[in-house]
Amino acid sequence: MAKARIATVWLDGCSGCHMSFLDLDERLLAVAEQAELVYSPLVDFKTFPDEVDVTLVEGAVASEEDLHKIKKIRAHTKTLIAFGDCAVTANVPSMRNLVGKKAVLQHAYFELATLDPQIPTLVVPPLLDRVRPVHDVVKVDVFLPGCPPSADTIFAALVELLAGRMPDVPALTRFGK
Amino acid sequence: MSPTMTEATVVTLKIDDREISARSDQTVLEVAWENDVFVPALCHYEGLGDVGACRLCLVEIKGSPKLTPACAIKVVQDMEVITLSERLQKYRRSIIELLFAERNHICSVCVSNGHCELQWLAQKLGVDHIRYPYLYPKVSVDASHERFALDHNRCILCARCVRACDEVEGAHVWDLLGRGVDTRLISDLGTPWGESETCTTCGKCVHICPTGALFEKGKSVAEMVHARPRFAAMARVRNNSGR
């Protein structure tokens, strides 16, 4: 049987969920026996492949770039997992929604800048007006809350998904865990 | 001893097809919990008067097309109660999701992370995401009190604190101002908590708060462990009653 093709992506999050993924430690070998990592911040493929079985999405949708990426990812993924609280609830990144984009940019690029204060328009992607959870933008198949979800949670969920079953998420994790 | 207690009789009823006997002055919720039947609730607290604020304890009563809050209805002879159905679970999950959407509950950075009844119930009821749009209200934190703080971001308006302060401590510092999503918990008719002339700094409100809305200053993420005062036991001692 061909190996399952899995991907991980990192939108507006702290990378903690990816660190927790690496905490699978020797269990990464068990995953690697069944699946191939075809795209991830952890490997060096530059473009998202056409066909992916399972994609773990860390982070909220906060910028034009995030929005562009997640739509592309959705179009090429069979099972999309909102991976961690930022993807599921928008979590800490959403705290800027209370004051608005303008106030955040003003603070970061003017109040805290001492030299040549300006809002960057090149290279840095423009922020969306609101930070949104992934399911607010595209369809999500599995929600895996946690900040971050533990390695045990990730492993248990992956084992189920790779066996073609839906994981019993509330038995594994919750918001903030 | 209140008159209702002296007049109480023993009734038998069915909860989820189980024969149960109870006193006629008890609510359906009290009887369910006494018999280890799970009915979710956030505004009910043993030893405080019930107000039916959270609607999580909705149950089905045979013969009635309506859902009834179990904390607001007394048991009667031959009553048949259903506490678990797909319909009830659907409403319960919706209520939890609406509570999350209405304020800014960021569990990962909350003082009550891991010790929160809202967070626990979400997991228990299988809420793994919020289907409703978050409102992101811009609400304040009142840190004017010497020992405690009030974070409106986490308040679910259960009014446990209002009742504990009024009914048990006898100070009545807290009230709810406004209506619907604009409702806010206020101290001393809207003055900062730290300037309250009625607050005795007893901490009862802080320790029965189901979330991280009321907390002890100096507590960081996940450090606010509630002491959960036993008001019912206190009342029993005070009244020297057999209950």
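Trainee: Which residues have the most contacts inside the largest nonpolar core?
Mentor: B:Ala41, B:Cys57, B:Cys161, B:Cys205 and B:Leu214, in a core of 66 residues. A nonpolar core here is a set of buried Ala, Val, Leu, Ile, Met, Phe, Trp, Tyr and Cys residues joined through C-beta atoms within 7 Å, and buried means that 20 or more other C-beta atoms, placed from the backbone, lie within 10 Å of a residue's own. This is a predicted model: local features need pLDDT of at least 70, side-chain atom pairs count only at pLDDT 80 or more, and totals for chains, interfaces and linings use all residues. Residues are numbered from 1 along each chain as its sequence is written, with chains lettered from A and ligands numbered from 1 in the order in which they are written.

Trainee: Where does this core lie in chain B?
Mentor: Between domain 1 (10-84) and domain 2 (109-235), because both give residues to this core. Those bounds come from an automatic or database domain assignment.

Trainee: How far apart are the C-alpha centres of those two domains of chain B?
Mentor: They lie 25 Å apart. In chain B, 11 residues of domain 1 are in contact with 18 residues of domain 2, contact being C-beta atoms, placed from the backbone, within 7 Å.

Trainee: Back to B:Cys57, what does it touch?
Mentor: Leaving out residues up to four places away in sequence, B:Cys57 touches B:Leu29, B:Val39, B:Pro40, B:Ala41, B:His44, B:Pro69, B:Ala70 and B:Cys71.

Trainee: Which residues does the second, separate core include?
Mentor: Among its 37 residues are A:Leu11, A:Ala62, A:Ala157 and A:Leu161.

Trainee: And how many residues does each chain bring to the contact?
Mentor: Chain A brings 19 residues and chain B 17 residues.

Methods
Contact = placed C-beta atoms within 7 Å. Buried ≥ 20, exposed ≤ 12 C-beta atoms within 10 Å, placed from the backbone.
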